[in-house]
Amino acid sequence: MTELFHSPFDRHSTASEVIDGVDLSGRRAVITGATSGIGTETARALAAAGADVTLAVRRPDAGEQVAAELRHRTGNDAIHVAPVDVADRESVNAFTEAWTGPLHILVNNAGIMMLPELQRGMRGQEQQFATNYLGHFALTLGLHGALAAAGGARVVTVSSVGHLFSPVVFDDLDYRFRPYDPLGAYGQSKTAEVLLAVEADRRWSGEGIRATALHPGAIATNLQRHTGGLKTPEPYRKTIEQGAATSVFLAASPLADGIGGRYFEDVNEAPRVTSRPTEFGVPGVAAYALDPANAERLWDLGTTILR
């Protein structure tokens, strides 16, 4: 087994700290869900380092307000807004077809969490799976040519410790047989996001594209709108600046060069676990989320669904 990757950073590190001294001039980045929370902070950190940043957002009006604020805060005018609703295949297609030139950094950050009732989205799939995984899978596939043209690109997908609550249940992805479970559906979608990184890295690393996934930590954001707020005990929570650190590190730090197909938390690679930890703050990634057979099967299934 490959030795775990360790960085000089930890759960207390901020996005600014992990990217300190990094020059991203000439590099282009796309970040989904960048109008709030760690998406906005990820965009700020990359822009402050000189990157040309596109906020790929569902609400362009809100995106323009965020972009204006970030231009002011960073002094970087190369911050753009483009409409992308990852829950809508046509919206994703319109964005990828309009994109021209290379893309160096793709951060799949948007997401939804624990919808209380069963809803169906893209291609009739369960909504959390459709939004968190399938939409980002379509986006990543559609930008493959641009990523390959960069001569060294990174795809960073924001998953969650929630993946420990469910593997991808291939025989019933969409709760057509099982009773709907909001947490199980969320967990399945987050496992799928890790598997996206595993298979994208396997298929594309030879083209200079490396893909990783991560758990950002427990941060109070709009993500918890259906859960009644953040439930994690105070000592295990992070600020937004700390929550974006792992995304920013994987997207831009030279220390992460050549790293792919792995899952990180607290700016370090997480160890594999064979059962869900019973304590808060214990790192771990389920073996099923890194399983190459699962990753290939999901990729093939996603391709079939999107046809």
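1. Start with the loop between β7 and β8 (268-269), where Asp266 is found; helices here are DSSP runs (H or I) of at least four residues and strands are runs (E) of at least two, numbered from the N terminus. Asp266 is not a glycine, yet has a positive phi of about 55°. Its relative accessible area is 22%, which makes Asp266 partly exposed (buried means under 20%, exposed over 50%, partly exposed in between, with a 1.4 Å probe and protein chains only).

2. Val267 lies in the loop between β7 and β8. Val267 is not a glycine either, but its phi is positive, about 60°. Is Val267 buried or exposed? With a relative accessible area of 1%, Val267 is buried.

3. A word on the source: this is a predicted model, in which local features need pLDDT of at least 70 and side-chain atom pairs count only at pLDDT 80 or more, while totals for chains, interfaces and linings use all residues. Residues are numbered from 1 along each chain as its sequence is written, and side-chain values use heavy atoms, with hydrogens and water left out.

4. Now to the rings: the structure holds 9 aromatic pairs (rings of Phe, Tyr and Trp, the last by its six-membered ring, pair if their centres lie within 6.5 Å; planes under 30 degrees apart are stacked, over 60 edge-to-face, the rest tilted). Phe5 and Phe264 have ring centres 5.7 Å apart and planes at 55°, so this pair is tilted. Phe5 sits in the segment before α1 (15-18) and Phe264 in strand β7 (residues 262-265), so the pair ties together parts 259 residues apart in sequence. Both Phe5 and Phe264 are buried.

5. Phe95 and Trp99 form another tilted pair, 5.9 Å centre to centre with 40° between the planes, and both are buried.

6. Next, two helices. The axes of α5 (residues 127-142) and α7 (residues 182-204) come within 7 Å and cross at roughly 15° (axes are lines fitted to C-alpha atoms, for helices over the stretch in contact, and angles run from 0 to 180 degrees between N-to-C directions). That makes α5 roughly parallel to α7 (under 35 degrees; over 145 is roughly antiparallel, 65 to 115 roughly perpendicular, and the rest oblique).

7. Finally, how many residues of helix α9 (residues 245-252) are buried? The count is 8 of the 8, so α9 is largely enclosed by the rest of the structure. Among them are Val248, Phe249 and Leu250.
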